[in-house]
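Thank you for asking me to look over this model with you.

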Amino acid sequence: MKVKVLGAGQEVGRSGFLVNCDGANYLLDYGVQLSKPPLAPLHVMPKEVDSIIISHAHLDHSGYVPMMYVSGGCDVFATAPTFDLSRLLIEDMLKLEKDMHPFGLPEVNKMMGHATEISFKQKVQRGNSSFELRDSGHVVGGGTVLVESENKRLFYTGDINVRGSRMLREADLDFGEIDLLITESTYSQTNQMPRKESEEKFIEFANEILDQKGTLFVPSFSVERSQEIACVLKNAKFKHKIIMDGMALKVNEIILRYPEYLRDYNVFSDAIHNAVWISSHEERIRELKEPCVVISPAGMLVGGNAVFYLQELAFNKKNGIALVSYQGEGTPGRKLLDTGKVMVQGREKKADAQVRQYEFSGHSDRDALFDLVKRIKGNPKVLTVHGDGQSCTKFAEEIHERFGFDAYAPKMGDTITI
Ligand SMILES: [Zn+2]
């Protein structure tokens, strides 16, 4: 079995791995680096690939799959929610960045024409090899990938949450011995505040703002984070009005169609129906007249309705802004955290609202990642990928020290044989 690293070697984003094994060539993920300009993973000829497997819908894992349909057309496998969410996110990306990608809607449609939906643990046979997805706990419909061939077993984590969340079950790690582990390293060097504590502090802040008749703005990623925040509020029996807005609503509708992918469908359904879904600008203005919690993309305050809500809410000290998503370098969200300033109508202004940050990551943190490696059976070779700075190299060194596994952080373009 041979694996070529097409992306996500020592960086976060544009994941892609080409796996050659007896009788089949698999492309595991083919994502985009969401930078300016966007960056593609290494090129692969469509004829080099028999089957594409998408671990989950986030664009850094799914965003460049349509590229494989510019001149080719092979089968693509994922769970049903992953296909729905990927399509939504890819079409949104193409709308926002019209001429920046080497493919368009026809290729997205062609991809969907070749889509085969599979569920977790459904084995797909290709020649003398097979693959299946397992629950990753990271995002709705998101999976890890298990490939078996030539008596070798590869386990690719994609993005993984071994602890689960209010919405999602924890990752499924019950699959026996493996020979090659490809693991994400996003938070390999940092621990996060325990989830319970994050939730308590967030709820405390929400109550404090609402009790003083202010409004709390919670900029959130449209996929999973917005819904998770609604679940956290519902779980805490939060009494005040909640509104949800933007693309999060389309995501709500998609997730409602897939109860089997949730920890508890009723809890989820109650939580999101507990909120007012904003359907027009008039309604948005009307609902904002009384204090409430606003859950709306974009998570890093880039575009969308976030700009409107900032204008309306950032300059009143009774209001609050709770950042619950990762804030990338150079984003307005990062700037607000670091300087307390926001850009409105082309001008930089100091925000008066209270700004706080809470950790609700869908990734495993440092302790959880080590827990993951500890629970892996066998004596696998380990590739640490999908991490910024030293996250991949340090993680590999530490895995070698603690567990004695042959571990290293591959670079883009490297090929590994087992
Ligand atoms: Zn992800």
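1. Glu 199 is found in helix H4, residues 195–211, where helices (H or I, at least four residues) and strands (E, at least two) are DSSP runs, numbered from the N terminus. Glu 199 counts as buried because its relative accessibility is 9%; buried means under 20% relative accessible area, exposed over 50%, and partly exposed in between, with a 1.4 Å probe and protein chains only.

2. Before going on, please keep in mind that this is a predicted model, in which local features need pLDDT of at least 70 and side-chain atom pairs count only at pLDDT 80 or more, while totals for chains, interfaces and linings use all residues. Residues are numbered from 1 along each chain as its sequence is written, and side-chain values use heavy atoms, with hydrogens and water left out.

3. Leaving aside neighbours within four places in sequence, Asn 235 is in contact with Arg 166 and Glu 199. With 40% relative accessibility, Asn 235 counts as partly exposed. Asn 235 and Val 267 are 32 residues apart in sequence, and their C-alpha atoms are 8.3 Å apart in space.

4. How do helices H5 and H7 pack against each other? Two packed helices are described by the angle between their axes and the distance between the axes. Helix H5 (residues 225–235) and helix H7 (residues 265–273) pack at an angle of about 95°, and their axes are 8 Å apart; axes are lines fitted to C-alpha atoms, for helices over the stretch in contact, and angles run from 0 to 180 degrees between N-to-C directions. H5 is therefore roughly perpendicular to H7, given that angles under 35 degrees count as roughly parallel, over 145 as roughly antiparallel, 65 to 115 as roughly perpendicular and the rest as oblique. On the side of H5 the contact is made by Gln 227, Ala 230, Cys 231 and Lys 234, and on the side of H7 by Phe 268, Asp 270, Ala 271 and Ile 272. These residues divide into 5 nonpolar, 1 polar and 2 charged, where Ala, Val, Leu, Ile, Met, Phe, Trp, Tyr, Cys and Pro count as nonpolar, Asp, Glu, Lys and Arg as charged, and the others, Gly among them, as polar.

5. Which protein residues are the donors of the zinc ion? They are His 56 (NE2), His 58 (ND1), His 138 (NE2) and Asp 159 (OD), lying 2.2 to 2.3 Å from the ion; donors are N, O and S atoms within 2.8 Å of the metal (3.2 Å for Na, K and Ca), and water is not among the atoms, so sites may look incomplete. The angles among the 4 donor atoms are 90 to 166°, and the site is irregular: four donors count as tetrahedral if all angles lie between 85 and 135 degrees, four count as square planar and six as octahedral if opposite donors are over 155 degrees apart and all others between 65 and 115, and anything else is irregular.

6. Along the chain, the zinc donors follow the spacing H-x1-H-x79-H-x20-D.

7. Some backbone angles deserve a second look, because most residues other than glycine have a negative phi, and most peptide bonds are trans. Glu 224, in the loop between strand E12 (216–219) and H5, has a positive phi near 80° and is buried, with a relative accessible area of 5%. Gln 345, in the loop between strand E17 (341–344) and E18, has a positive phi near 45° and is exposed, at 72%. The peptide bond from Pro 297 to Ala 298 is cis, with omega near 10°.

Technical notes:
Contact means heavy atoms within 4.5 Å.
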